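I opened the model to look up a helix, some ring pairs and a loop residue. My entries follow in the order I made them.

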Amino acid sequence: MENPLQSLGYKLLTSSLEAGSADQDNATKLSRRGFLLLAATLSSCAAANPLRPQASLGPVQPNAAPVKTPSNTAYRTPQIQGPVPRNPDMALRSDFSKSSGISFSRVMVSGNYIAMTFDDGPQPQNTPRLLDMLRARNIKATFYVIGKSVDLYPQVLRRTVAEGHEIGNHSNTHRLLSKLSDDEIRADLRLCESAIERAAGIKPPTMRPPYGGLLQRQREMVHAEFGYPIILWSVDPLDWKRPGASVVSSRILAGASAGGIVLSHDLHSQTVDAMPATLDTLLSRGYKFVTVSQLLAMKIDAPAAPATVPLPANS
Ligand code: NI
């Protein structure tokens, strides 16, 4: 009898985090207990195997008809009263001092700026759907892409770049880099960099290690050799656990703050379903959306501690 978890799509999970290491037919089949154990071991930014196309998905053929995906029926765009909430046009510099730090989970800025980041794509259905939502709101985001997926869906990456979004290096095969040798890390990041360059002719300005896993010594090596700041996050909605669009949205809204970096995954349809309500609420709260390198370029030093003012002698 088929394991019911498999019918829910969990057969995509394998016991190995090594992307491409297991043929789908031979992938370890997980019992419920096995699945729960695996889920518990995965850290955030952790789709178990983001490289394996979902069962119904394959590489998009150039002339393939657009594929419909389920929309979020729980969200209703509010009735417009007054100006439509829209992110302002940003003419910010995106170059930043490479010596101003190595790792960032948030950035001190003066202003209500926030960076949305989407990991583990490109994904042929969810990423274009998200791009539509971002375009409608004039929002630029940062996509930490996997090199192997870029090779599968280069046209999705090209559209992402053409619409003004930023691309970051998220490794070639989404392995836990902290377990690899320096040479393996170099090779893996270079493969992702070349895939991005082949597909869209650009070089990613920052990187994010899968699972956030990179030792301090390795971060210094990557920063020195690639020039990448290592980008982590200040808000993690744990959307890879698929808690439902409204939970993803409420977690992001609860964690949002100026200078924040929001982690989520355009790999997952629920995350994309959560975006209209999330983005509209953040816009209505006055947030302005920038890319990660724009946020880094706005970095200010921590304000000095207020000087102690001596009390008047007669008080
Ligand atoms: Ni990831």
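I take the bend at a residue as the angle between two fitted axes, one for the seven residues ending there and one for the seven starting there. Helices (H or I, at least four residues) and strands (E, at least two) are DSSP runs, numbered from the N terminus.

Source notes. This is a predicted model, in which local features need pLDDT of at least 70 and side-chain atom pairs count only at pLDDT 80 or more, while totals for chains, interfaces and linings use all residues. Residues are numbered from 1 along each chain as its sequence is written, and side-chain values use heavy atoms, with hydrogens and water left out.

Entry 1, helix H9. I looked up where H9 bends and found a kink of about 40 degrees at Met 275, shortly before the proline Pro 276. H9 covers residues 269-284, 16 residues in total, and reaches 24 Å from its first C-alpha to its last. That is close to the 22 Å expected at 1.5 Å a residue, where the expected span is 1.5 Å times one less than the number of residues. After H9 I noted Gly 286, whose phi is positive, near 95 degrees.

How many of the 16 residues of H9 are buried? I use buried for under 20% relative accessible area, exposed for over 50% and partly exposed for in between (1.4 Å probe, protein chains only). The count is twelve, and H9 is mostly covered. Met 275 and Pro 276 are among the buried residues, as are Asp 273 and Asp 280. I then checked contacts (heavy atoms within 4.5 Å). What covers the buried residues includes strand S2, helices H3 (126-136) and H8 (245-255), and strands S6 (260-265) and S7 (288-289).

Rings of Phe, Tyr and Trp (its six-membered ring) pair if their centres lie within 6.5 Å; planes under 30 degrees apart are stacked, over 60 edge-to-face, and the rest tilted. I get two aromatic pairs by this rule. Phe 118 and Phe 143 form a tilted pair, 5.6 Å centre to centre with 35 degrees between the planes. Phe 118 lies in S2 (residues 113-119) and Phe 143 in S3, so the pair ties together parts 25 residues apart in sequence. Both Phe 118 and Phe 143 are buried. Phe 226 and Tyr 228 are stacked, at 5.4 Å and 15 degrees. Phe 226 is buried at 10% relative accessible area, and Tyr 228 is buried at 0%.

I found Ile 146 in the loop between S3 (142-145) and H4 (147-152). Ile 146 counts as buried because its relative accessibility is 0%. Ile 146 and Asn 172 are 26 residues apart in sequence but 5.2 Å apart in space, C-alpha to C-alpha.
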